[in-house]
Amino acid sequence: MADAAYRFVNAVGRTALRGLRVDVRWTGAEHVPRTGPVLLAATHVAFPDFLFVERAAVTRGRLVRFLTRHDVWEVPGAGWWMDRMGHVPVDRRVPAHAYVRARALLCRGEAVCGFPEAGISYSYTVRPLMRGLVALARETGVPLVPVGVWGTQRFLSVGDPAPPPDWSRGRRVDLAFGRPLAVAPDDDLTARTHDLGHALTGLLEGLQLLPHHRPEPGVPAVWHPHHLGGDAPTRQRAVHLDEVPFAAVRPSWGPDLDAYDVPAATTPPGPPAG
């Protein structure tokens with residue numbers, strides 16, 4: 001039932017993308033194995049990011065089970081579909097529940113994807129990361145594949161101000177799947193989370209620097225990162241906008257690291273497995 005529901009939703013999604021003529025391209029998909037467990041860690045720049053990660057993964061024969069904000073299940077009708085597709089609700093107040101569910105999926109050989117930033121980055125840089133995905137990789141021995149996503153922020157995202165939704169036909173979306181990170185049983189979770197942050201930043205900035213994603217000179221671009229010539233909030237501004245979980249690892253990656261010398265907006269602490 002789960003796979004039948006998932007394939008139906010995928011078919012609907014592909015039809016919608018064709019209708020909008022969204023040009024979705026990706027590199028590195030060979031890092032997603034066709035069989036066996038794999039853990040994906042994706043950047044988060046827009047609400048529909050998961051649609052495009054799955055769009056690429058399905059070409060490898062994978063139906064990805066996503067770790068998703070629990071309040072999606074509160075949308076009328078959405079919870080039924082989310083359950084049947086095998087996605088996992090994440091409640092920041094009790095993240096251990098999602099961790100256990102994700103571990104069980106990996107033990108069954110599934111492909112699982114999470115967003116370690118635990119929210120959309122207002123600055124469109126990789127914000128503080130949770131250790132949970134690295135912990136899953138360490139406990140299960142499953143490869144951890146970093147994924148950069150860019151272009152989706154033009155559809156529906158956050159910002160200060162938020163970019164106006166742009167459903168123009170022919171919009172380009174790019175993804176980059178990086179080399180898997182192997183996390184050994186005795187690895188330090190914080191150190192390996194820093195490695196993940198650097199990997200995600202490299203992938204994301206590589207996409208942001210593609211010529212077709214750069215803003216035109218003199219044209220305001222609240223959908224592009226400030227340090228690369230756009231008008232999105234700087235990291236200094238974003239630390240007051242991002243609601244970052246208390247247990248997140250402070251960045252050693254990306255621009256303007258001194259932004260994290262000031263108190264950031266935080267959500268209440270939960271169990272460290274988040």
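Reader: Why is D256 called partly exposed?
Author: D256 has a relative accessible area of 36%, and partly exposed is the class in between buried (under 20%) and exposed (over 50%), with a 1.4 Å probe and protein chains only. D256 therefore counts as partly exposed. A word on the basis: this is a predicted model, where local features need pLDDT of at least 70 and side-chain atom pairs count only at pLDDT 80 or more, while totals for chains, interfaces and linings use all residues. Residues are numbered from 1 along each chain as its sequence is written, and side-chain values use heavy atoms, with hydrogens and water left out.

Reader: What makes the backbone of D256 worth a look, and where is D256 found?
Author: Its phi is positive, about 50 degrees, although D256 is not a glycine. D256 is found in the loop between β8 (244-245) and β9 (266-267); strands are DSSP runs of E with at least two residues, helices are runs of H or I with at least four, and both are numbered from the N terminus. A118 also has a positive phi without being glycine, near 55 degrees, and A118 is placed in the loop between β5 (111-114) and α5 (132-140).

Reader: How do you know that the pair of F50 and F66 is edge-to-face?
Author: Rings of Phe, Tyr and Trp (its six-membered ring) pair if their centres lie within 6.5 Å, and planes under 30 degrees apart are stacked, over 60 edge-to-face, the rest tilted. The centres of F50 and F66 are 5.9 Å apart and the planes stand at 70 degrees, so the pair is edge-to-face. The pair links distant parts of the chain, with F50 in helix α2 (residues 49-57) and F66 in strand β3 (residues 65-69), 16 residues apart. F50 is partly exposed at 35%, whereas F66 is buried at 1%.

Reader: How do you know that the charged end of R154 sits over the ring of W223?
Author: The test asks for NZ of Lys or CZ of Arg within 6 Å of the ring centre and within 35 degrees of the ring normal. For R154, the charged end is 3.9 Å from the centre of the W223 ring and sits over that ring.

Reader: Why is H213 called buried, and which residues does H213 touch?
Author: Its relative accessible area is 6%, so H213 is buried. Not counting residues up to four places away in sequence, H213 touches W150, G151, R172, D174, L207, Q208, W223 and H224; contact means heavy atoms within 4.5 Å. H213 is found in the loop between α6 (189-208) and α7 (235-238).

Reader: Where is the cis peptide bond, and what is its omega?
Author: The cis bond joins D160 and P161, with omega about 5 degrees. P161 lies in the loop between β6 and β7.
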